[in-house]
Amino acid sequence: MELTKRNCIFFIGVMSILGFSQQLPAQSKELLEAQLDSLIEKGRELEVDEPEIALDLYKSSLSLAKANDLHIYRIDALKELGYFYRYQNPDSSLYYFEEALSVALRYGKPGDIMRVYGATGRLYSDQGNHVAAIQEFEKAVHQAEVVGDPEMLAFYYLDIGSSYSQIAAYDQARTYTMKALDQATLVNDKEMIMSIYGNLGILFNQHDKYEEALAYQQKALQVWPEAPELQVAYAKINLALTHKKLGQFSQAMVLLNEGLDLLKNSNDAYGSIACHHNMGSVFFAMGDYAKAKEQLQVSDSLMKYHNLQFPAVQNELLMAQIAFAEMQYAYALQKANSCIRYCREFGVLETLFEALELKSEILEKQGKPVDALLTFRKAGEMKDSIRTLANEKSLNELHARFDLSEKERLIQLLNQEKALEALKSADQQRQNLVLVIILSMLSLITGLIAYGYRKNLRLHKRLKESHRVISQQAKQLQQSSEEKTTFFSNISHELRTPLTLVNGVLHSDHLDEENLQMARRSTRQLEHMIDELLDLARMEMTPVEIDLLPQAVSPLLKRIVYSFESLFVEHEIRFEVRLELTDTIVADLDITRFERVINNLLVNALKFTPKGGCVTFLAEVEQELLQIHVMDTGPGIPNDELSYIFERFYQAQNQAHTSQFGTGLGLAIARDLTHKMNGKLQVCNRAEGGACFTLTMPIYEKELEVQEVSDSRLVSLEAIGKKRILIVEDHPDMQQYLQKILGAHFKTTVVSGGVEALEVIDKQKPDLIITDVMMPEMDGFDLIKQLKENEGLYQLPVVVLTAKGSKEDKLKFLQLGVDDYLTKPFHPEELCTRVYNLFENQRARARWESKVDESENEESSPPEAPDLIERISEYVVASMGGHDPSVGDIAHHLAMSERQLYRKLGELTGLSPANLVREIKLTHAMKLLQRGEYQKVEAVARYVGFNNTSYFSRLFFKRFGKRPMDVIT
């Protein structure tokens, strides 16, 4: 039976109506089996392009197979569900594989059990748990031996060898790989033989036996002349690495280019990422660091585009090696630490040893001999532990084999009445074996002692050098102290200047527009300095979290840069903007941090450019990278100070050219933020005079979809204009400010305290109240308490404006039952957005109440609208952090059918159950963030039921007008 995509959707709909529980007649079993075959096969075809339909097909197949006791199809459906979640949700994947194993052990054949064990082993291998993977593969091998399938034996032997290689147990890896070769040769499986030859080449490479590795890798290319392009590409990549290690760089580059050409016709992301990484490693070995970094940037861009993390292990290590070779020790240490973190996450031990040894060398170069020694010892201890584990396993296997053969011999000899001689012979052999093992261990211990002695000699030399470093560190500490003293002196000056100007305006008898503008500028300057100081404190206490999202670069730069035009005109400086970008150029950016970096560069150029000068802003694409140049015609930077310009507290000696002292933090913060967005910030002097700052970012071309705002999120001005808002605020200036914001779209009434507000509420019946907290006579807390205790007023929406931002105050507001609150200072657009949302919710509730069908059959009618929504909300919130309820779960909880639930919610709210659940999740996420229960966006997103943090952030911003990170900070 041939299934199309439309038929699949229709079939799922029919099965939903039947409830997935109809037991078909016996004569329909063959037809049902054919349908299940087609459903599962169609799910495999649609899994890449239409994952949601594929998931529904697998679940439908599982329900049908279970209802009709078709256990083999039930195993297949569970196994496909495990594969479906293998990368996006490993816990769910493991759950389905365990269910498949349970069914297979009870109803399946050895072949079914074998495949489930193999799938579970690959899942553990993907997670870096190679020991658990080996155990699962060995179980699969046992089942393959029962079945007598040499092809599957070769397959699982090769998996075991690969897992041993990942934990640096190379002898075991080679043993099992050779077993795989024997089995593949029996069935003449050329594809498997080609893969095995490639793996053997890699293993000999890791043992520095390059000639043997070269021989096996050349066999891999020759054994299967008609091999697909993808397998040939991987074979050429492996062969290129061997040529690289032999110093044959030109042959290596030819093979890598050939492999890359073959990969262009496939969708294999790992191959392309590995190819560019290996090109970078060849360029690094040749000493061409610039080209090496170019290839690594391409590899990183592909990795981010395909949302892959495992290749970052090798990329981070190579970037650390390049930085170390260029003597950029701080950046090299950062990349080495990143590589170590990835190695531990994915269980890549060999690379972990390299990263730890590199870190030791970096720390030594930075003048930290003790830390370097500790790191070096750590790497050595880990290597010794792994080798000990591998040796223990080999000895255990040897003893097991010896005991087994001894027992068999004794039985034979007893049957032939020669038991006594056999026992003596066995004892002698055991003694000889023990003697050999003891001698081997003594030899090993002697070698370790000699090795440790050599290491101690090297340590002694390093400690001698450390005495020389101590004096240098003392000078650095003194210099740092002087820089901080200068910094605090400048801060004092910077704070006094704007405060003096503001104080002068406040005490002036003539508050004209010019004085007010000066006060505004001084206030902005104070705010900017305070932000820099707070950012410095945050960076030193906790790492700054970056929320990278795909952004079209050109429109974003236009919005940022053109806002500076009036400022440059005011300072009589010519401002030239050249944006040589298309709208399809996209970069992964944190908009707020990126805007901060650009603002800092433009303000810095403005600060050092004299009147009549020129500042040029140029954005272009060079070598597949975004390059932003900010050039000025100022005095430039002394050449001997260029390397220090991005250091914290550092200020150039050309401050005499400007009246502004600065804090020495802006450029340091800009560089740190740029690095966190995977970019680079550099500076140089221009030949024609002035300085040029260059920002470099990785980019890619992509048409970003423009998401239209749904009609349900729009509130017409005509409808909103009829609403009346009561403003309760005792400060006259704040009263005027709020009336200016809200008066254009609403009818507003202003009162100065809680007592007066209660009188106005009785007369005018406002639709919404905006209140301050600290007021005379009756404060905001008492006013809200009285409103919530009044049966006729408790549903009146209340928004609180307060300067109190502590967790205790926020919790008190929520306990009183306020609908929303804003912490001062706030943005006018945010206030309007929250007011619009409250009115939308009010209108939705009115629709629910007006559309309740009172004539519904009492025996089957669902709960009333408010109770229905409340029960759904309570059930969804109670399920958070564990099971993510489906529409069927919610309907079952309410004692309704799914059909009834869809119809009832459609009548009451115009929303589907899925949209209502999403609204409940977003609202609860906002409450959790406001209470301060979560400090990371990813954590709260996963708790409320969103696996994709970027998708959650977009929905949150669309719903509340601000990002989750803004609520946290």
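What follows moves from chain totals to local detail.

The model is predicted, so local features need pLDDT of at least 70 and side-chain atom pairs count only at pLDDT 80 or more, while totals for chains, interfaces and linings use all residues. Residues are numbered from 1 along each chain as its sequence is written, and side-chain values use heavy atoms, with hydrogens and water left out.

In the protein chain there are 38 helices and 13 strands, taken as DSSP runs numbered from the N terminus (helices H or I, at least four residues; strands E, at least two). Of the 969 residues, 45% are buried, where buried means under 20% relative accessible area, exposed over 50%, and partly exposed in between, with a 1.4 Å probe and protein chains only. Among contacts (heavy atoms within 4.5 Å) with a separation of 6 or more, 64% join residues 24 or more positions apart.

A nonpolar core is a set of buried Ala, Val, Leu, Ile, Met, Phe, Trp, Tyr and Cys residues joined through side-chain atoms within 4.5 Å.

| Core | Residues in core | Members include |
|---|---|---|
| Largest | 92 residues | Leu36, Tyr156, Met194 |
| Second, separate | 44 residues | Leu557, Leu581, Ile669 |

Leucine 36, one of the residues with the most contacts inside the largest core, is in contact with Ser61, Leu64, Ala65, Leu70 and Tyr73, leaving aside neighbours within four places in sequence.

Valine 298 lies in helix α15, which covers residues 289-305, and counts as partly exposed because its relative accessibility is 22%. Not counting residues up to four places away in sequence, valine 298 touches His276 and Glu624; valine 298 and glutamate 624 are 326 residues apart in sequence, yet 8.4 Å apart in space, C-alpha to C-alpha.
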